[in-house]
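Here is a short briefing on helix packing, the nonpolar core and backbone phi values. Look at the model first, then read the points below.

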Amino acid sequence: ETEPLTSKKDASDCSKGEDCKENGLVVRNPKSALRLVEDGSKVHPSQGDKGEAAQISNGYSGVQSSAPCNGEQQLMELEERETWSKKIDFLLSVIGYAVDLGNVWRFPYICYQNGGGAFLIPYTIMALFGGIPLFYMELALGQYHRNGCISIWRKICPIFKGIGFAICIIDLYVASYYNTIMAWAFYYLISSFTAELPWTSCTNPWNTGNCTNYFSKDNVSWSLHSISPAEEFYTRQVLQVHRSNGLDDLGGISWQLTLCLLLIFTIVYFSIWKGVKTSGKVVWVTATFPYIILFILLVRGATLPGAWRGVLYYLKPDWQKLLATEVWVDAAAQIFFSLGPGFGVLLAYSSYNKFHNNCYQDALVTSTVNCLTSFVSGFVIFTVLGYMAEMRNEDVSEVAKDTGPSLLFITYAEAIANMPASTFFAIIFFLMLLTLGLDSTFAGLEGVITGVLDEFPHVWGKRRELFVLGLTILCFLGSLATLTFGGAYVVKLFEEYATGPAVLTVVFLEAVAVSWFYGITQFCNDVKEMLGSAPGWYWRVCWVAISPLFLLFVTCSFLSSPPELRLFDYDYPYWTTVVGYCIGTSSIIFIPIYMIYRLVITPGTLKERILKSITPETATEIPFGDIRMNAV
């Protein structure tokens with residue numbers, strides 16, 4: 001046993017054979033100098049002390065050395081990494097990232113489509129054995145190794161470094177369409193500042209003869225060809241899809257949406273350009289405001305006539321659905337995309353934590369908050385759908401047939417427009433959508449920024465503001481296709497193909513690399529080093545077997561039956577499926593390309609190349625008081 005490295009000694013208290021502390025550094029005397037060194041995975045004791053290897057309290061071996069071995073050892077001196085100002089900044093950032101627009105529109109729809117209350121059983125099971133373990137794993141990896149999604153692989157399994165590049169490409173794809181949905185919400189927000197909301201009547205220039213306002217005081221009959229004013233406002237005024245013939249003829253660019261998106265990217269830039277110190281403050285608004293609005297809308301929805309019909313439809317269990325495979329696939333996909341591992345965000349955010357932060361507790365708290373938010377959002381949506389069904393004198397299933405963004409921008413917007421104080425509720429609702437989307441955008445771009453800055457510190461380390469500016473301009477230019485009159489078709493294509501199977505593949509390989517190559521024992525030792533106790537058998541079994549199988553199951557289910565895309569009255573042609581798979585493959589192709597590149601540039605025989613490529617090449621610094629140790 002040795003004296004703790006955090007013990008403090010004055011220079012005057014140093015005696016022969018003991019350590020001194022000068023200017024914040026531990027100094028060893030010539031007879032016993034503990035050098036914190038890096039030399040691949042080897043540690044070399046000095047000639048006088050070859051038999052003595054002190055066991056340091058972090059689980060790694062420290063050695064006595066008075067000089068470098070073979071000139072290969074060197075003392076690593078790295079700058080202190082930026083950390084969150086407060087713990088709550090980190091928690092709000094992770095919650096803001098995990099709770100996004102999908103919680104409001106995707107979960108309620110999937111829940112009632114797959115058995116209502118019965119769906120909560122597969123959802124909970126998939127969360128416990130798939131989603132939360134992967135969420136916890138990424139938080140622990142980022143916090144321990146303190147690197148972004150690219151450079152972290154040098155410390156885990158270098159041959160899998162292509163995963164980091166794939167993650168960055170996926171994040172750029174998401175930024176190219178996700179922010180366009182926020183631009184739609186921003187357009188609605190601006191349009192809401194009127195005494196009468198523009199999607200309440202059929203007397204506007206964009207309306208057609210099929211426009212039918214069944215909320216009017218006149219006796220209006222709803223026919224097969226009837227279109228609500230809210231739907232015409234969304235399709236003909238905001239999106240203007242009638243001016244496009246589909247993906248092969250997108251039409252011109254909507255200047256209104258372009259201005260909205262430009263303003264959104266401006267807000268994003270000035271929120272993240274300085275790092276987590278600034279974005280950690282912005283999320284105090286963007287992460288908390290949606291909960292205030294959700295509560296207001298929940299209370300309002302519960303007091304509407306017919307609200308009980310919507311709640312009953314939402315939660316009424318259909319136990320037969322549990323026997324269908326697609327229900328379990330939907331549950332797995334929903335919890336996975338809701339918690340959001342695989343986008344590099346959790347790695348980036350947790351890398352700015354203090355080393356001994358309790359990431360286990362963080363994982364449980366944030367994932368629980370995320371799941372509960374999804375569940376409560378269902379009540380917010382379905383109380384209003386019940387009200388709509390009551391007003392139309394139809395079944396809830398007829399009202400709830402809209403999916404995705406249409407559920408928010410058509411059905412919910414229409415319900416709000418016909419409530420008392422409609423202008424107020426419209427403003428706060430679309431403000432909520434904006435804030436839900438903003439912190440998710442902050443997170444996605446931070447995943448790319450941290451990954452690139454950690455990989456190329458000498459190029460971009462002191463130029464963060466310039467890099468973030470270039471990145472936001474790139475994302476804005478990449479979004480131009482989604483701002484066309486047929487942009488909604490592009491958004492749907494990217495949403496289904498650009499992220500889904502690619503992210504599932506990335507996280508599957510990440511789980512395999514950490515559990516099987518880096519080693520589950522080593523990973524658990526890392527967690528023990530941070531938290532003081534190693535993860536139990538439940539977590540180990542999930543990481544080694546259950547979570548990878550969970551990902552493989554969802555990926556194979558998706559690939560075996562690709563979605564047949566349809567938006568409004570447009571059926572996507574077959575060639576769009578091929579284009580979709582090409583977009584998805586364009587990101588994960590970096591993984592095998594880097595593996596081949598790595599094996600080619602590594603010297604030695606094939607066996608030696610493989611062994612070197614799967615062996616961590618860089619030490620992980622472990623902070624101990626005023627010094628930083630290298631785990632080798």
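Helix α4 (residues 162–191) packs with α15 (422–455) at an angle of about 165°. Their axes lie 9 Å apart. So α4 is roughly antiparallel to α15 (angles over 145 degrees count as such). This is a predicted model: local features need pLDDT of at least 70, side-chain atom pairs count only at pLDDT 80 or more, and totals for chains, interfaces and linings use all residues. Residues are numbered from 1 along each chain as its sequence is written, and side-chain values use heavy atoms, without hydrogens and water.

**Helix packing**
- The crossing of α4 and α15 is left-handed (the near helix is turned anticlockwise from the far one by less than a right angle).
- The contact of α4 with α15 holds 17 nonpolar, 6 polar and 1 charged residues.
- Axes are lines fitted to C-alpha atoms over the stretch in contact, and angles run from 0 to 180 degrees between N-to-C directions.

**Nonpolar core**
- The largest nonpolar core has 177 residues (buried, under 20% relative accessible area with a 1.4 Å probe, and joined through side-chain atoms within 4.5 Å).
- Trp184, Trp199, Phe430, Leu433 and Phe523 have the most contacts inside this core.
- Phe523 touches Met137, Ala140, Leu141, Val514, Tyr518 and Trp543, not counting residues up to four places away in sequence (heavy atoms within 4.5 Å).

**Positive phi**
- Most residues other than glycine have a negative phi.
- Ala421 has a positive phi, near 55°, in the loop between α14 (405–417) and α15.
- Phe568 also has a positive phi, near 55°, in the loop between β3 (566–567) and β4 (570–571).
- Phe568 counts as partly exposed because its relative accessibility is 23% (the class runs between 20% and 50%).

Notes: Helices (H or I, at least four residues) and strands (E, at least two) are DSSP runs, numbered from the N terminus. Angles under 35 degrees count as roughly parallel, over 145 as roughly antiparallel, 65 to 115 as roughly perpendicular and the rest as oblique. Ala, Val, Leu, Ile, Met, Phe, Trp, Tyr, Cys and Pro count as nonpolar, Asp, Glu, Lys and Arg as charged, and the others, Gly among them, as polar.
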